[in-house]
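User: Could we go through the core and the pockets of this structure together?

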Amino acid sequence: MAAKAAHQLLGHAVVGTNDLSTAANFYDKLFALFGVGRILEQPGRAVYFGTTGLEFGVTNPYNGEGATIGNGNMVALSAHSRAHVDEVHALALKLGGTDEGRPGPRGPNGDGPYCAYFRDLDGNKLLVFRAGPDEAQG
């Protein structure tokens, strides 16, 4: 079944944290590699990142309970190039994230997208990937 091109499926992704200030600092540095910064802050509650609209948020859980990671949950970040994948993954680990899969091609013959996986400081799993050729630098 062909997808309709007129509708954007994803509005934004949100992950939970138990230390908003530390998590926001982690994502400040990580998203700087994408040219993305804070776009909305709700003091003591949430920080949202984006370029012109909300793309990603880190928040204290609304119900006031501790944030926990979801088994099988993951947020995917699209990189500009394979080198960008390497750079984002390396910075995530330098900032205290944990490795969940070193950068490299995926797929049965190594001909799939170039991917790397890591967990943030709260254990949320993220993927950074480049599918297809690198974007032209200009």
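Analyst: The points below concern the nonpolar core and the pockets of this predicted model.

User: Which residues of the largest nonpolar core touch the most other members?

Analyst: Those residues are Tyr27, Phe31, Phe49, Phe56, Val58, Phe118 and Val128, within a core of 26 residues. Elements giving two or more residues to this core include helix H1 (20-32), helix H2 (82-94) and strand S7 (114-119). H1 supplies the largest share, 7 residues.

User: And phenylalanine 118, what is it in contact with beyond its neighbours within four places in sequence?

Analyst: Among the contacts of phenylalanine 118 are Phe26, Leu30, Val88, Ala92, Leu93, Leu126 and Val128, and also His89, Glu100 and Lys125.

User: Switching to pockets: how much space lies in the largest pocket?

Analyst: The largest pocket holds about 400 Å³ of space. Its lining comprises 20 residues, and Glu55, Phe56, Ala76, Leu77 and Ser78 lie nearest the centre.

User: Which element gives the most to that lining of the largest pocket?

Analyst: S5 gives the most, with 4 residues. The elements that give two or more residues to the lining are S4 and S5.

User: What is the lining of the largest pocket by class?

Analyst: There are 13 nonpolar, 5 polar and 2 charged residues in that lining.

User: What about the second largest pocket, which residues lie nearest its centre?

Analyst: Val15, Gly70, Asn73, Met74 and Asn124 lie nearest the centre, out of 13 lining residues. About 150 Å³ of space lies in this second largest pocket. By class, its lining has 5 nonpolar, 6 polar and 2 charged residues, and S1 gives the most to that lining, with 3 residues.

Methods. Residues numbered from 1 in each chain as written. Predicted model: local features only at pLDDT ≥ 70, side-chain atom pairs only at ≥ 80, totals over all residues. Heavy atoms only, no water. Core = buried A, V, L, I, M, F, W, Y, C linked by side-chain atoms within 4.5 Å. Buried < 20%, exposed > 50% of the residue type's maximum accessible area, 1.4 Å probe, protein only. Contact = heavy atoms within 4.5 Å. 1 Å grid on protein atoms, 1.4 Å probe; cavity = no way out; pocket = protein on both sides within 12 Å on 5 of 7 lines; lining within 4 Å. Points joined across faces, edges and corners; volume = space filled by probe spheres on them. Nonpolar A, V, L, I, M, F, W, Y, C, P; charged D, E, K, R; others polar.
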